[in-house]
Amino acid sequence: MSTTQSTKKFVRWTGIISIVAAVVMILAGAVTWATVSSQLSEQQITVSEDADFLAGDEVDGPFSAYAQAEIIDHHALEATGGLTYAQLDQDDPARATAMNASFLRASLFTSVVAYGVSALVIGLGVLFGVVGVAFTKLGSSKGETPALDARTHERIPENV
């Protein structure tokens, strides 16, 4: 087998592996997105009516989860006089409210991060797919690509 044939075989197999990886990544990202959405939806959380955006919306996606996390922070700061959990005295009764708000926000932000990671994986899967198709086509092309002169763009004779 010539070097050119082995190179084309390697490029073709790299393309096939990239396409398989693309399919796995797109499916994994989509399953993660759907799982997080269904889990949030099952909690039956509604974005507070006084939220800056998406008020009244069901929390079932990244933007509604973020909106609810932000309004929870707003409500907690109102309840604690603008102080965070760490700033409150240990015996302050408002500390429990700040702690619960912090836990709720962390949970919602975790889902926002999960959405972001799943979107990234889907995007990378699409990119891997495009690269895989290109490599597969390059590795499957018939014949040699003729060498071209960089200045004139004319074919360089093989016996030179």
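**Gly 123**

I began with Gly 123, which is partly exposed, with a relative accessible area of 39%. For the wording I used these cut-offs: buried is under 20% relative accessible area, exposed is over 50%, and partly exposed is in between (1.4 Å probe, protein chains only). Gly 123 sits in helix 3.

**Ground rules**

I noted that this is a predicted model, where local features need pLDDT of at least 70 and side-chain atom pairs count only at pLDDT 80 or more, while totals for chains, interfaces and linings use all residues. Residues are numbered from 1 along each chain as its sequence is written, and side-chain values use heavy atoms, with hydrogens and water left out.

**The overall layout**

How many helices and strands does the protein have? I found three helices and zero strands, and reading along the sequence gives the pattern α-α-α. Helices here are DSSP runs of H or I with at least four residues, strands are runs of E with at least two, and numbering starts from the N terminus. Helix 1 covers 3-42 and helix 2 covers 62-79, while helix 3 takes in residues 94-140.

I looked at burial next: buried residues make up 24% of the 160 residues. The accessible surface comes to about 10,800 Å², and 63% of that belongs to carbon and sulfur atoms. Areas come from the Shrake-Rupley method with a 1.4 Å probe, and for residues only the protein chains shown count as cover. Then I turned to contacts, meaning heavy atoms within 4.5 Å. Among those between residues at least 6 apart in sequence, 54% join residues at least 24 apart.

Gly 15 is in helix 1. Is Gly 15 buried or exposed? It is buried, with a relative accessible area of 0%. Leaving aside neighbours within four places in sequence, I found Gly 15 in contact with Gly 132, Phe 135 and Thr 136. I also checked Gly 15 against Val 131: they are 116 residues apart in sequence and 6.9 Å apart in space, C-alpha to C-alpha.

**The nonpolar patch**

Val 131 lies in helix 3 and is partly exposed, at 33% relative accessible area. Val 131 also belongs to a nonpolar surface patch of about 590 Å², made with Leu 120, Leu 124, Leu 127, Phe 128, Phe 135 and Leu 138. My patch rule takes residues with over 30% relative accessible area and no salt bridge, joining like charges within 9 Å and nonpolar side chains (Val, Leu, Ile, Met, Phe, Trp, Tyr) within 5 Å.

**Salt bridges**

A salt bridge here is a side-chain nitrogen of Lys or Arg within 4 Å of a carboxyl oxygen of Asp or Glu. By this rule I count two salt bridges. In one, the side chains of Glu 70 and Arg 105 meet at 3.4 Å, N to O. Glu 70 lies in helix 2 and Arg 105 in helix 3, so the pair ties together parts that are 35 residues apart in sequence.

Another joins the side chains of Asp 73 and Arg 105 at 3.6 Å, N to O. This pair also links distant parts of the chain, with Asp 73 in helix 2 and Arg 105 in helix 3, 32 residues apart. I wrote down that Glu 70, Asp 73 and Arg 105 are linked in a network of salt bridges.

How covered are they? Arg 105 is buried at 19%, Glu 70 is partly exposed at 30%, and Asp 73 is partly exposed at 24%.

**The negative patch**

Which residues gather in a patch of negative charge on the surface? I found Glu 49, Asp 50, Asp 52 and Glu 78. Asp and Glu count as negative and Lys and Arg as positive, with His and the chain ends not counted. The place of a charge is taken as NZ of Lys, CZ of Arg, CG of Asp or CD of Glu.

Asp 52 lies in the loop between helix 1 and helix 2 and is exposed, at 80% relative accessible area. Glu 49 is found in the loop between helix 1 and helix 2, and is exposed at 63%. Leaving aside neighbours within four places in sequence, Glu 49 is in contact with Ala 55 and Gly 56.
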